Amino acid sequence: EFKQQCSSLRIFAFIGVNAAIVTSLFLDPPKSSYWRTYSPLYLLSSIGGAFGSKQPLFLTEKVEREVDVPDLYKQLSLNRRIEGAEAEEEEEH
């Protein structure tokens, strides 16, 4: 009989401890940036923001790029580098 009482009490103790932890986090959240980014309140607002965004999800027109793909492929396949890329890297340092 005592074993059954302990077994039954275990479920309520588990629920009570978890409720206390969640209440504590809600009333006094950690100050870390990790918690601000991944907290349940932020997740709810980010999900709501995804549905209410003004920008279209898919592209509405073709994106034009100024790249000569055949020449770029030839440079990478023959030299394993892009001409002029070394000069750009040196300017950044």
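**Reading the labels**

Modeller: Keep in mind that this is a predicted model. Let's start with arginine 80, which sits in the loop between helix H4 (69–79) and helix H5 (85–92).

Biologist: Why is arginine 80 called exposed?

Modeller: Exposed means over 50% relative accessible area. Arginine 80 has 73%, so it counts as exposed.

Biologist: How do you know what pattern the protein chain follows?

Modeller: The secondary structure comes to five helices and zero strands. Read along the sequence, that gives α-α-α-α-α.

Biologist: And how much of the protein chain is buried?

Modeller: Buried means under 20% relative accessible area, and residues of that kind make up 2% of the 93 in the chain. The chain exposes about 9500 Å², with carbon and sulfur atoms supplying 61% of that.

Biologist: Which residues line the largest pocket?

Modeller: Val22, Leu25, Phe26, Pro29, Trp35, Ser39, Pro40 and Leu41. The volume of this pocket is about 180 Å³. Helix H1 (2–27) gives the most to the lining, with three residues, and helix H3 (40–51) supplies at least two.

Biologist: How many of the lining residues are nonpolar, polar or charged?

Modeller: Seven are nonpolar, one is polar and none is charged. Val, Leu, Phe, Trp and Pro count as nonpolar, and Ser falls among the polar ones, so Ser39 is the polar residue in this lining.

How values were computed: Residues are numbered from 1 along each chain as its sequence is written. This is a predicted model: local features need pLDDT of at least 70, side-chain atom pairs count only at pLDDT 80 or more; totals for chains, interfaces and linings use all residues. Side-chain values use heavy atoms; hydrogens and water are left out. On a 1 Å grid over the protein atoms alone, a cavity is a set of points where a 1.4 Å probe fits but cannot get out, and a pocket is an open set with protein on both sides within 12 Å along at least five of seven lines; lining residues have an atom within 4 Å of a point. Grid points are joined across faces, edges and corners, and a volume is the space filled by probe spheres set on the points. Helices (H or I, at least four residues) and strands (E, at least two) are DSSP runs, numbered from the N terminus. Buried means under 20% relative accessible area, exposed over 50%, partly exposed in between (1.4 Å probe, protein chains only). Accessible areas come from the Shrake-Rupley method with a 1.4 Å probe; for residues, only the protein chains shown count as cover.
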